[in-house]
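Dear colleague,

Please find below the structure that I am handing over to you. My findings follow directly after it.

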Amino acid sequence: MDVDIGNALASVASPGISREGLERLDERVATAHERIEAGRANDEHGYAALNLPERTDPDAIRAAVEPVADVDALVTIGIGGSALGAATITDALADAGDGTEAVYLDNIDPAWITRRLEALPLESTAINVVSRSGTTAETLANFLVVREAFEDAGVDWTERTVVTTGESGPLRSLANRHDLAAVSVPDGVPGRFSALSAVGLVAAAVCGHDLEAILEGAAAEADTLTGSLFECPAYAYGATAYALDARGASMNAMVPYAESLETYAEWFAQLWAESLGKDDLGQTPVRALGVTDQHSQLQLYRAGPRDKLVTFVTPRKTADRDIPGTDVDELAYLGDATLGELLEAEFEATEASLAAAGRPNVRVELESVDAFELGGLLYGMEAACVLAGELYEVSTFTQPAVEWAKNATRGLLGGGEFEEAEAVAEKTTLRVER
Ligand SMILES: O=P(O)(O)OC[C@H]1O[C@H](O)[C@H](O)[C@@H](O)[C@@H]1O
C-alpha cells in the first residue's frame, strides 16, 4: 500500500501535524520500530503476528480443507478476530474465487440464524468453526445450532467440518471426540491480528483463493518496515493517526472506495478499537463506504466537530463499465464517462472537499483489489496499529474490557462463578415508560 499524508499536515488541516512535528515523531517511530523488531525476533505475544507471512503454510491449510474443497457453500462460525479477517478476504476477492458461497455466522440473533440456515443447501455446505480460545459462547452456541440443523437434514456434519482452534479447550476436545479436520491457531497471535494465518485463510482456501499471493503481498509489506515513517507506508499511517488523535481527531472514519472492501472497514474497526482503546486512550474507528456514505456522512465530516481523521482506501485500477448515452442534454456528461471514471472523480472531489474545509484526511492507495494487494493492506494496517500502540504506550495485544463482559455473560448463564455477573444486578435504573 502507498500512503499520502499530505492532507493531514497542519498547512492543510486543523487538527493537523506540522512537518517539524512529524520529524520529532519520527524519532519515537525509530524507537518503536526497534521494540517491534525485538518482539518479532523473539516471537513475543502479539508481535509474532507480524511474522505470519513467513510462518503460515498454505499447503497445510489446503490439505486440511481438502475433504470439503468441492462444496457449494461454506458457513464460517466465529466472532470478532475469528470471523472478520476471513470475511474481509472472501468478500474482497469474491470475484476471483471458485464460486463457493461464503456465509459468516458472527451473531446469535435467532431469527437471523434461522433465516441464514434455511437459505443454505446443507447437503453441499461445509462448516468452518473458528475460535482461538475454544470457549467463546456465541461461537460454540452457533456451532451446536448448525450441527443440529445438519442432523435434522440428514447430513453428516462430521464429514464436512473444519475446526480452527488452540491446542486445548472445549472446541479442541469436541474436534478430537468427533475426529474432525482441525488446524491450529498460531501461538502468540491475538485473534484480530490473525487474518494471515489459518484463522483467516481456511475460508479463502475453500473459496479457491490464491493463498500464496495474499501472503506474498503481506511479506512485501513486511519488507517496508524501517525505522522511519517517511520510508514506511504502514508507519506513516500509524504515526499520523496517532498524532492527529493527540491533536483532537479522536475518531477515524475508514472509507474504502470499493464495495468489495466494505468488510475490511469492519475488520479495521476491531483492530483499531480493541488494540488501542485502553487507559482512557484510543481513536474511535468509524465504518463508512465510498461513494455511498458521501450521501449520508460527508456533511458531518466536512462541517461537524473537528474531531475526525478520514482515511480513504482507493484502488488505482478497477473493472470498468460504460455509462450508456442518453438524449437528455443535461445528462450528456454521464454518457461520455464510465462508472469507474465517475467513482474516481467522486473520490477526488470528496478528498478535495475535506481538504478545502481544512479537515484532515489520509489516502491509502492500492494497485487494485487483488490477493497480493489485500495481503499488503491487512499487514500494513496491522503494523500501523502495532506502531500506534507503541506510541500510545498501551498494551496493544490484550482486551480486558471485552473479557469482562464475556465473564459477566457466562456468570449469568450459570457457566461458572464470575464476580462480573454481580454488576448486572446492580444496574442503576431511571425508567421512562409509555
Ligand atoms: O477466537 P475466540 O477465542 O473465539 O475469540 C473471538 C473474539 O472474542 C473476544 O470477544 C475478543 O475480544 C476478540 O478479540 C476475539 O477475536
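Helix 10 and helix 15 are oblique to each other in this predicted model, because their axes pack at about 45 degrees and an angle counts as roughly perpendicular only from 65 to 115 degrees, and as roughly parallel only under 35. Helix 10 spans residues 233-246, and its axis is 7 Å apart from that of helix 15. The crossing in which helix 10 passes helix 15 is right-handed. On the side of helix 10, the contact involves Ala234, Tyr235, Tyr237, Gly238, Ala239, Tyr242 and Asp245. On the side of helix 15, the partners are Gly380, Met381, Ala383, Ala384, Leu387, Ala388, Leu391 and Tyr392. By class, this contact of helix 10 with helix 15 comprises 12 nonpolar residues, two polar ones and one charged one.

Helix 15 (residues 371-392) also meets helix 1 (residues 19-41), and there the axes come within 9 Å and cross at roughly 110 degrees. Helix 1 and helix 15 are therefore roughly perpendicular to each other. This crossing, too, is right-handed. Helix 1 contributes Leu25, Arg28, Val29, Ala32, Arg35, Ile36 and Arg40 to the contact, while helix 15 contributes Tyr379, Val386, Leu387, Glu390 and Leu391. Eight of the residues in the contact of helix 1 with helix 15 are nonpolar and four are charged, with no polar residue.

In helix 3, the residues concerned are Ile61, Arg62 and Val65, and they meet Ala198, Leu201, Val202, Ala205 and Val206 of helix 8. Seven residues of this contact are nonpolar, one is charged and none is polar.

Turning to the domains, the protein chain is divided into domain 1, made up of 2-37 + 216-392, and domain 2, which covers 50-209. Their C-alpha centres lie 30 Å apart. How many residues of each domain are in contact with the other? For domain 1 the number is 25, and for domain 2 it is 16. Between them, the two domains bury about 1800 Å², and 70% of this area is on carbon and sulfur atoms. Within domain 1, the residues that lose the most area to domain 2 are Thr263, Gln270 and Glu382, which together account for 27% of what that side buries.

Finally, some points concern the backbone. Which peptide bond involving a proline is cis? It is the bond from serine 14 to proline 15, with omega near 0 degrees. Proline 15 is located in the loop between strand 1 (2-4) and helix 1. The peptide bond from glycine 290 to valine 291 is likewise cis, with omega near -5 degrees. Valine 291 belongs to the loop between strand 8 (284-287) and helix 12 (298-303). Aspartate 43 is not a glycine, yet its phi is positive, at about 50 degrees. The loop that holds aspartate 43 runs between helix 1 and helix 2 (52-55).

With kind regards

Conventions:
Residues are numbered from 1 along each chain as its sequence is written. This is a predicted model: local features need pLDDT of at least 70, side-chain atom pairs count only at pLDDT 80 or more; totals for chains, interfaces and linings use all residues. Side-chain values use heavy atoms; hydrogens and water are left out. Axes are lines fitted to C-alpha atoms, for helices over the stretch in contact, and angles run from 0 to 180 degrees between N-to-C directions. Helices (H or I, at least four residues) and strands (E, at least two) are DSSP runs, numbered from the N terminus. Angles under 35 degrees count as roughly parallel, over 145 as roughly antiparallel, 65 to 115 as roughly perpendicular and the rest as oblique. A crossing is left-handed if the near helix is turned anticlockwise from the far one by less than a right angle, and right-handed if clockwise. Contact means heavy atoms within 4.5 Å. Ala, Val, Leu, Ile, Met, Phe, Trp, Tyr, Cys and Pro count as nonpolar, Asp, Glu, Lys and Arg as charged, and the others, Gly among them, as polar. Domain bounds come from an automatic or database domain assignment. Buried area is the accessible area (1.4 Å probe) that two parts lose on being put together, summed over both.
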